[in-house]
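Good morning, colleagues. Please turn to the sequence and the structure, which I shall now present.

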Amino acid sequence: ESTVDGTGQRHDVARVPGPAETAISIARDSVFAFETYDRKINPARTMVYSAAGLAATAAMVAVASVAIFGSCPTIYADSAGVRVLQAEAFSNSIAPLLAGRDLDRMTVAPDAAGRIRLDVQNEALETHYIDHLELVEFRHRADELALLASSGGVIAVREIGAPASVRDAAGRDVRQTIRADDDLAFSSADSLLARAIAGGPVDDHLDVTLPRSSDGDTLVLVLRLRSSLLASSILYDYMLGRPGVRALDWLGQDLARITTVAALGNWYAGSFGLRVAVRDGDDWKPVARMTSFGPTAWSTVGVVVPPVQTDSVRVRFTFLADAFRIDRIGVARYIGALDARMIPIARVTDGKGGQRDDVAVALRRADGTDLETRPGDRFHAEFDVGHAPDVSRTFMLGAHGYYTEWVRERWVRSATDSVAFSPSKASMRDMLKSWRASKDSLERTFFIRRVPIT
């Protein structure tokens with residue numbers, strides 16, 4: 001069909017509604033993307049943006065062929081005049097029933113006034129629904145590192161060193177690749193991807209060997225990692241692109257059913273998680289499973305290794321081939337769990353720099369009244385953290401919400417499937433084959449030519 005027909009209400013570029021609902025026919029060649037929405041309207045929670053913000057939205061559309069690999073709100077902070085990416089919030093929450101709370105470690109410090117100011121942006125073709133934002137402070141000694149634990153909570157570690165050896169499933173010695181925080185990250189061997197596509201195992205693994213602690217202290221493996229763009233590619237191509245217009249029903253209706261969400265969650269956790277096991281005699285004993293990593297910001301987590309009665313400790317990380325980029329694996333001494341201090345938002349400013357007390361009040365509570373942002377939107381959140389000259393502090397961002405993807409018109413035009421995505425019909429080998437053929441260009445496009453919204 002050459003037109004999109006239905007009943008609706010037109011809005012101008014500033015989102016001001018026109019006359020009441022009426023029959024509307026729109027030429028397909030003038031449609032950029034389709035978005036699902038809830039008829040629940042909450043005007044007080046919609047940010048008002050400046051002309052510059054609107055221009056940024058237009059710029060986002062202009063580079064849509066480049067910046068299509070989004071992943072939820074991106075959080076920046078100023079560091080000596082340079083904007084530094086700190087986190088990406090609720091990256092796995094693609095529907096209301098999947099809304100969740102993330103806790104992301106940041107590298108921010110307060111200014112002279114004892115304030116931390118974060119720049120929250122929507123840089124993707126998505127609508128974000130942010131329910132709650134807060135900072136969480138953890139105090140520790142200067143020689144300790146505070147980090148999220150795979151088992152939950154935040155822990156302190158000390159004396160980070162290197163493993164004795166690290167080898168992947170292809171037999172490569174990758175210890176030098178993962179020895180430092182240098183962005184030179186491990187990725188799966190192409191030969192392993194080829195073997196998986198040809199019918200071999202679809203998983204890769206890293207076998208990490210570390211010496212047993214001589215003094216009996218508990219050890220922690222410190223990982224700096226992020227997801228590759230594999231999961232994003234599958235979301236865009238298989239879940240949304242191939243079903244085309246049927247993806248709108250999947251996003252807006254199917255994912256509102258607990259049975260659909262449960263099936264998707266089980267498939268995702270089983271296929272995309274990072275599974276950790278420790279060698280115990282002749283067997284591998286599972287000790288952790290992690291799934292919540294986005295493709296943009298690096299995450300640092302700690303895996304507590306249970307004591308073993310051997311001269312060395314062997315730990316295996318298992319994951320879908322090429323699903324992760326792992327920058328560093330270190331081994332540290334476990335110190336203990338840290339207490340948290342919650343710090344609410346003090347102020348919010350919009351795209352004009354105007355103070356929005358209503359939004360600040362609303363984002364202090366996880367109450368289901370969401371702040372909605374669209375491509376190009378941004379706001380600044382300020383937190384009064386005070387001064388603590390005699391102690392080291394690590395701040396983490398607590399965020400709760402979800403996001404919905406925009407279905408591109410070109411997906412609708414070139415759709416190949418007449419039914420919605422179903423995990424039971426998904427072929428991981430087909431997905432890996434598609435990923436192998438396109439991953440170099442996808443990663444080059446995303447990490448080099450991606451245009452942030454400013």
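In which strand is the place of Glu 159? Glu 159 belongs to strand E10, residues 154-161; helices (H or I, at least four residues) and strands (E, at least two) are DSSP runs, numbered from the N terminus.

This is a predicted model, in which local features need pLDDT of at least 70 and side-chain atom pairs count only at pLDDT 80 or more, while totals for chains, interfaces and linings use all residues. Residues are numbered from 1 along each chain as its sequence is written, and side-chain values use heavy atoms, with hydrogens and water left out.

Glu 159 has a phi near 60°, a positive value in a residue other than glycine. Glu 159 is exposed, at a relative accessible area of 53%. Buried means under 20% relative accessible area, exposed over 50%, and partly exposed in between (1.4 Å probe, protein chains only).

Asp 322, also not a glycine, has a positive phi near 65°. Asp 322 lies in the loop between strand E17 (312-320) and strand E18 (324-337), and is buried, with 0% relative accessibility.

On a 1 Å grid over the protein atoms alone, a cavity is a set of points where a 1.4 Å probe fits but cannot get out, and lining residues have an atom within 4 Å of a point. The whole structure holds one cavity of 30 Å³ or more. The lining of the largest cavity includes Ser 227, Tyr 268 and Phe 324. Helix H3 (230-241) and helix H5 (258-272) are the elements that each give two or more residues to that lining.

Definitions and conventions: 1 Å grid on protein atoms, 1.4 Å probe; cavity = no way out; pocket = protein on both sides within 12 Å on 5 of 7 lines; lining within 4 Å. Points joined across faces, edges and corners; volume = space filled by probe spheres on them.
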